[in-house]
Amino acid sequence: MKVSVIVLTCDREHFIGRSIRSILRQDFPDFELIVVDNGSRDASGLIAAEYARRDPRVRVLRRERGTISAGRNAGLDAARGEWIAFFDDDDTSEPDFLSFLVSLAEETGADAAVCGSWKEVDGRRLPNFIEDRRLLLTPEQAVLELLLRRRCNAATPTKLFRRSLFSEHRFPERARYDDIAVVYRLFASARRVAFHNLPKYCFTRHGGNSSAFTTNDRLLSPTQLREYFAAFHERTRWLSDRLPRLSAFARYAEYSYYLSMFAKLTRTHLPDCEPERLWLGDTLRKALPWLEPCPWLQDFERARLCLLPRKGGR
């Protein structure tokens with residue numbers, strides 16, 4: 001088996017059939033599709049099971065409802081392919097999505113390959129990391145691109161990984177937002193990472209996305225914020241140990257996220273998130289001696305520094 005495609009689904013009966021059909025239309029023949037039914041209470045699992053009955057390439061795993069990370073790990077445990085691709089249960093792709101990524105990885109000798117994508121928002125397709133340029137990067141260069149967010153973000157779709165990378169790295173079982181905690185580790189552990197950002201995948205944005213908070217600040221929650229804070233702090237720690245030349249930039253990227261969240265919480269005045277806003281303000285104020293001379297700090301981020309409380313203030 002060349003590729004295992006893992007789709008985690010939970011209560012997506014209006015989308016899952018479309019996503020499965022998109023995968024089954026691939027022009028690449030040698031793949032299996034593992035649909036992990038993560039405790040759906042609607043017909044998502046039944047829809048996936050019907051496709052499995054009709055097409056031997058489809059397998060359905062049913063499990064009790066759990067985190068996205070635990071569901072994806074269940075898919076990895078069942079995977080037989082040399083390569084792993086992840087597909088969200090409300091998205092679609094081009095018919096050459098798999099063949100494009102497999103060819104890119106094998107022609108370059110890379111352990112991970114990345115393509116570009118579209119974002120479908122209210123019926124409109126918007127470009128998402130699209131560039132017609134092929135790059136073959138070292139682990140350090142690939143992680144830097146991830147931190148810069150110029151050619152990709154941490155989303156696992158749009159990426160193909162050699163399965164052996166997951167012998168060292170798995171998704172953190174308790175985390176609800178898994179991608180940010182593991183993709184940088186996979187890049188750092190790859191011999192090479194190949195980029196060719198032609199759009200072969202399409203994210204569908206709607207109010208039910210697990211990442212809907214990224215486009216609607218009102219959906220931010222204390223639990224989610226604390227998990228993100230911990231994940232970015234752990235990323236800085238891990239990269240400082242594994243790729244020490246990226247240590248300072250990883251620290252800047254962590255503070256950049258903190259500044260962004262502090263500005264959002266200050267603007268939205270979400271009562272439930274006030275303790276997190278205060279924590280951010282205090283953390284960033286203490287980091288000012290490092291931040292103010294930071295060479296990577298953007299002008300709009302320097303403007304956000306003016307929002308920080310004075311010592312002892314709110």
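**Figure 1. Residues around the largest cavity of the predicted model**. Thirteen is the count of lining residues here, written 13 in the label, and those that lie nearest the centre of the largest cavity are Cys115, Ser117, Phe129, Asn153 and Thr158. The space inside this largest cavity amounts to about 50 Å³. With a threshold of 30 Å³ or more, the count comes to one cavity. Strand β6, residues 112-121, provides the largest share of the lining, namely three residues. Sorted by class, the lining of the largest cavity consists of six nonpolar, five polar and two charged residues.

**Figure 2. The second largest pocket and its lining**. The volume of the second largest pocket is about 200 Å³. Its lining is formed by 14 residues, and Pro172, Ala175, Ala181, Glu227 and Ala231 are the closest to the centre of the pocket. Two helices, α6 (179-189) and α7, each supply at least two residues of this lining. Helix α6 gives the most, with five residues. By class, nine residues in the lining of the second largest pocket are nonpolar and five are charged, while no polar residues are present.

**Figure 3. The contact of helix α7 with helix α9**. Helix α7 spans residues 222-242 and helix α9 spans residues 274-286. Their axes come within 9 Å and cross at roughly 25°. Angles under 35 degrees count as roughly parallel, and α7 and α9 are therefore roughly parallel to each other. On the side of α7, the contact is made by Pro222, Leu225, Arg226 and Phe229; on the side of α9, Glu276, Trp279 and Leu280 take part. Classed by type, the residues in the contact of α7 with α9 comprise five nonpolar and two charged ones, with no polar residues.

**Figure 4. The surroundings of serine 221**. Serine 221 is located in the loop between β10 (193-205) and α7. The relative accessible area of serine 221 is 22%, so this residue is partly exposed. When neighbours within four places in sequence are left aside, serine 221 is in contact with Arg176 and Cys273. Glutamate 276 is 55 residues away from serine 221 in sequence, and in space the two are 9.5 Å apart, C-alpha to C-alpha.

Key
Residues are numbered from 1 along each chain as its sequence is written. This is a predicted model: local features need pLDDT of at least 70, side-chain atom pairs count only at pLDDT 80 or more; totals for chains, interfaces and linings use all residues. Side-chain values use heavy atoms; hydrogens and water are left out. Axes are lines fitted to C-alpha atoms, for helices over the stretch in contact, and angles run from 0 to 180 degrees between N-to-C directions. Helices (H or I, at least four residues) and strands (E, at least two) are DSSP runs, numbered from the N terminus. Angles under 35 degrees count as roughly parallel, over 145 as roughly antiparallel, 65 to 115 as roughly perpendicular and the rest as oblique. Contact means heavy atoms within 4.5 Å. Ala, Val, Leu, Ile, Met, Phe, Trp, Tyr, Cys and Pro count as nonpolar, Asp, Glu, Lys and Arg as charged, and the others, Gly among them, as polar. On a 1 Å grid over the protein atoms alone, a cavity is a set of points where a 1.4 Å probe fits but cannot get out, and a pocket is an open set with protein on both sides within 12 Å along at least five of seven lines; lining residues have an atom within 4 Å of a point. Grid points are joined across faces, edges and corners, and a volume is the space filled by probe spheres set on the points. Buried means under 20% relative accessible area, exposed over 50%, partly exposed in between (1.4 Å probe, protein chains only).
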